[in-house]
Amino acid sequence: MSKNYYSEINLHLTWHTKLSMAALTGRVETLTHEFIRQKLINTPGAFIHEIGGTDNHIHLGISIAPTILISDLVGKLKGASSHDVNQRLGMGRKILEWQPGYGVVSFGTKDLEWVKAYVRDQRRHHSQGNVHDRLERITSDENSETQEPLEKSTSDQSSEAQADPR
């Protein structure tokens, strides 16, 4: 593929810990976020805007070049991050494992600030019930047959006035 291109491929990614266990706390969360951030910084054609999550899942706001295959990138981030954390903190046992699957939603550059804030404030969004369903999905099993437009949940519509993530 030519290296002469222009692109704006902005993605919101999310995935869960194995069995949605509350593994992303304290030092495990810190090391996991640091590792994923550094892995993306060192990946040619990838740019990380924000990383966040809760005790049982991760959210990322990134931009990628059209030369990057999303499934390969996610697989590398998941595999390498769990391996690194388990080597550093596990003392011979697995303390961080990811469940299969992930969610990916593309968004326009005009919504970058909104997505970054959503990713950064995950704990608050979940504690207040202000989550955006499409940004929380990790498998197609959670989808209906038809794709709904990306929109705020009813709890979001009644709380803050934010940019609509379309």
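Glutamate 50 has glycine 61 as its bridge partner in strand S3. The model is predicted. The points below move from these pairs to the sheet, then to the helices.

**Strands S2 and S3**
- S2 and S3 (residues 57–64) run antiparallel to each other and pair over seven bridges.
- Three residues form the link in the hairpin that joins S2 to S3.
- How many residues of S2 are buried? Seven of its eight residues are, so S2 is mostly covered, given that buried means under 20% relative accessible area.
- In a regular strand, side chains alternate between the two faces of the sheet.

- Four strands make up an open sheet. Their order is S2-S3-S1-S4, and the pairing is antiparallel.
- Which strands stand at the edges? They are S2 (46–53) and S4 (103–107). Each has a single partner strand, so one side of each has no neighbour in the sheet.
- From one strand to the next, the twist averages 20°.

**Helices on the sheet**
- Helix H1 (residues 26–41) packs on the sheet and touches S1 (9–16), S2 and S3. The direction of H1 makes about 165° with that of S2.
- Helix H2 (residues 70–89) also packs on the sheet. H2 touches S1, S3 and S4, and its direction makes about 45° with that of S1.

**H1 against H2**
- Two packed helices are described by the angle between their axes and the distance between the axes.
- The axes of H1 and H2 come within 9 Å and cross at roughly 135°.
- Why are H1 and H2 called oblique to each other? Their angle is roughly 135°. Angles over 145 degrees count as roughly antiparallel and 65 to 115 as roughly perpendicular, so this pair is oblique.
- H1 passes H2 in a right-handed crossing.
- On the H1 side, the contact includes Arg27, Leu31, Phe35 and Lys39. On the H2 side, Leu73, Leu77, Asp84 and Arg88 are among the residues taking part.
- By class, the contact of H1 with H2 has 10 nonpolar, two polar and four charged residues.

**Tyrosine 118**
- Where does tyrosine 118 lie? It sits in helix H3 (residues 112–120).
- Is tyrosine 118 buried or exposed? Its relative accessible area is 1%, so tyrosine 118 is buried.
- Tyrosine 118 and isoleucine 51 are 67 residues apart along the chain. Their C-alpha atoms are separated by 9.9 Å.

How values were computed: Residues numbered from 1 in each chain as written. Predicted model: local features only at pLDDT ≥ 70, side-chain atom pairs only at ≥ 80, totals over all residues. Heavy atoms only, no water. Pairing = 2+ DSSP bridges. Helix = DSSP H or I, 4+ residues; strand = E, 2+ residues; numbered from the N terminus. Axes fitted to C-alpha atoms, helices over the stretch in contact; angles between N-to-C directions. Contact = heavy atoms within 4.5 Å. Parallel < 35°, antiparallel > 145°, perpendicular 65-115°, else oblique. Left-handed = near helix turned anticlockwise from the far one by under 90°. Nonpolar A, V, L, I, M, F, W, Y, C, P; charged D, E, K, R; others polar. Buried < 20%, exposed > 50% of the residue type's maximum accessible area, 1.4 Å probe, protein only.
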